[in-house]
Amino acid sequence: MTEHYQLTSEQNILKETVGRMAQEKIGPYAAEIDETGEFPWDVHGQLKELGLFGLVIPEDYGGSDAGMLSAVLALEEIGRVCSSSAIICAAPIVVGRIILESGNDEQKRKYLPQIASGETIPAFALTESDADSDLARLTTKADREEDRYIINGRKYFIPLADVAGLMTVFARTGQGSAMDAVSVFVVERENPGWSVSRIERKMGTQAIHDCELIFERCVIPEANRLGKDGGGFIIAMRSQEVSCILTAARTIGLAQGAFDYALGYTQERIQFGRSISSFQGIQFMLADMAMQIEAGRYLLYKAGAEMDRGADEGYLYGSMAKCFVTDMAMKLTTDAVQLLGGYGYMKDHPLERMMRDAKLTQVVDGTNQSRRLVVGREILKRYPTTV
Ligand SMILES: Cc1cc2nc3c(=O)[nH]c(=O)nc-3n(C[C@H](O)[C@H](O)[C@H](O)COP(=O)(O)OP(=O)(O)OC[C@H]3O[C@@H](n4cnc5c(N)ncnc54)[C@H](O)[C@@H]3O)c2cc1C
């Protein structure tokens with residue numbers, strides 16, 4: 001557990017470039033994006049132009065193969081100004097990685113270039129009304145009929161499904177335990193038999209529509225199954241590894257963005273004839289925030305570096321980073337609102353939005369309780385009991 005990370009000059013340039021673009025081209029519209037709740041196609045265009053959808057996809061398939069730590073750096077910079085925009089960038093990285101790891105040559109050649117280029121927006125569809133933390137309760141079924149599968153069921157809370165060109169869908173293909181009875185399929189927009197039945201009303205990340213999906217005799221060729229029949233459980237676990245580190249990445253950015261804003265405000269706001277940043281009580285809050293962000297960032301970058309090394313440690317550190325950073329950001333954004341007093345509660349300032357967006361990060365990609373279970377189990381594996 002002692003390996004450390006070092007950013008390369010390419011990674012520093014990437015962070016700077018994405019940061020500049022985000023501050024200039026996304027930040028000024030973040031409040032509007034939240035207010036209108038419309039999918040920001042121009043932001044999608046900016047991310048596409050910088051090639052950010054292909055960060056973990058090999059060059060042979062149209063990506064830049066920059067790796068997970070680079071993806072973390074890019075998402076941090078986008079998350080600093082707009083959580084919805086960061087989710088648009090994260091989805092292709094998660095789904096691209098699933099197809100890269102589990103797809104056959106033909107599937108990689110077919111899907112990865114369109115994901116890397118941004119021509120197709122992908123979505124990830126696992127959750128059901130009674131199943132997410134507990135995959136054994138998955139009820140969406142894919143019945144095999146000769147060389148195709150027929151999918152029936154419903155999925156809940158699926159972001160981007162309304163604009164997606166393809167989705168990875170998890171469905172039961174057998175009766176036994178979830179470990180060997182769940183499979184994953186690429187469902188394309190053109191495949192008949194699926195539709196968006198409802199768009200959820202929610203607390204934050206308004207531009208990303210979380211959809212309820214209905215599958216009614218949705219016919220999928222066998223060629224669209226990723227991995228082996230019944231191999232979906234491992235794919236679900238691996239995809240959570242990736243998505244949780246990306247959630248931590250956009251959230252460290254969110255925390256930094258909230259801190260920067262609150263810090264600037266405390267330096268300008270005058271009470272009792274002095275800037276409020278001169279009060280020790282305020283300085284203690286700023287100091288705690290700065291320390292927590294630094295600690296979280298270090299853990300997160302280490303997780304990204306471990307994943308790039310292909311080490312098992314990536315799973316452990318990714319879960320640690322997800323829990324630490326998202327819990328920290330929830331507290332930090334709440335404190336940042338506090339630092340602005342009454343103004344913090346108002347929509348004229350970005351902090352109430354950031355606080356709403358922070359809450360989601362503790363819930364998605366494995367709730368923080370389930371991430372803690374992973375951390376606990378992984379630690380016990382490394383330090384087995386001697387009694
Ligand atoms: C905005 C948004 C975006 C989402 N994006 C996606 C997506 O892209 N794709 C997708 O498939 N799903 C997505 N989801 C679903 C999300 O991943 C799940 O909602 C989340 O993982 C929790 O599952 P659940 O809602 O079924 O809660 P439950 O599993 O019912 O959990 C309820 C509570 O019980 C706790 N709990 C459960 N089991 C345990 C345990 N063993 N020990 C201790 N506590 C436990 C949980 O931590 C939680 O606090 C999204 C959800 C939201 C709100």
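The largest pocket is lined by 40 residues, and those nearest its centre are Phe157, Pro159, Asp210, Val364 and Asp365. A pocket here is an open set of points on a 1 Å grid over the protein atoms alone, with protein on both sides within 12 Å along at least five of seven lines, and a lining residue has an atom within 4 Å of a point. This is a predicted model, where local features need pLDDT of at least 70 and side-chain atom pairs count only at pLDDT 80 or more, while totals for chains, interfaces and linings use all residues. Residues are numbered from 1 along each chain as its sequence is written, and side-chain values use heavy atoms, with hydrogens and water left out.

Which element gives the largest share of the lining of the largest pocket? That's helix 8, with 7 residues. Helix 5, strand 1, strand 3 and helix 11 also each supply at least two. Helices (H or I, at least four residues) and strands (E, at least two) are DSSP runs, numbered from the N terminus.

Volumes are the space filled by probe spheres set on the grid points, which are joined across faces, edges and corners. As for classes, Ala, Val, Leu, Ile, Met, Phe, Trp, Tyr, Cys and Pro count as nonpolar, Asp, Glu, Lys and Arg as charged, and the others, Gly among them, as polar.

| Pocket | Volume | Lining by class |
|---|---|---|
| Largest pocket | about 1000 Å³ | 20 nonpolar, 10 polar, 10 charged residues |
| Second largest pocket | about 480 Å³ | 12 nonpolar, 6 polar, 8 charged residues |

The second largest pocket has 26 lining residues, with Phe233, Met237, Gln240, Tyr315 and Arg377 closest to its centre. Helix 7, helix 8 and helix 12 each give two or more residues to that lining.

A cavity is a set of grid points where a 1.4 Å probe fits but cannot get out. How many cavities of 30 Å³ or more are there? The count comes to 1. The largest cavity has a volume of about 40 Å³, and its lining divides into 3 nonpolar, 4 polar and 3 charged residues. Helix 2 gives the most to this lining, with 3 residues. Among the lining residues are Ile33, Cys82 and Ser84.

Isoleucine 33 sits in helix 2 (residues 30-36). Its relative accessible area is 8%, so isoleucine 33 is buried (buried means under 20%, exposed over 50%, partly exposed in between, with a 1.4 Å probe and protein chains only). Setting aside residues up to four places away in sequence, isoleucine 33 touches Glu38, Pro40, Val43, Cys82, Ser84, Ser85 and Ala207, where contact means heavy atoms within 4.5 Å.

What about the cysteines? A search of the whole structure finds 0 disulfides, a disulfide being a pair of cysteine sulfur atoms within 2.5 Å. For cysteine 89, the nearest cysteine sulfur belongs to cysteine 82, 12 Å away. Cysteine 211 has its closest cysteine sulfur in cysteine 218, but at 15 Å that's too far for a bond. Cysteine 89 is buried at 0% relative accessibility, and cysteine 211 is buried with a relative accessible area of 0%.

Last stop: serine 275, in strand 10 (residues 274-275). Serine 275 counts as buried because its relative accessibility is 18%. Beyond its neighbours within four places in sequence, serine 275 is in contact with Thr266, Gln267, Arg269 and Ile270.
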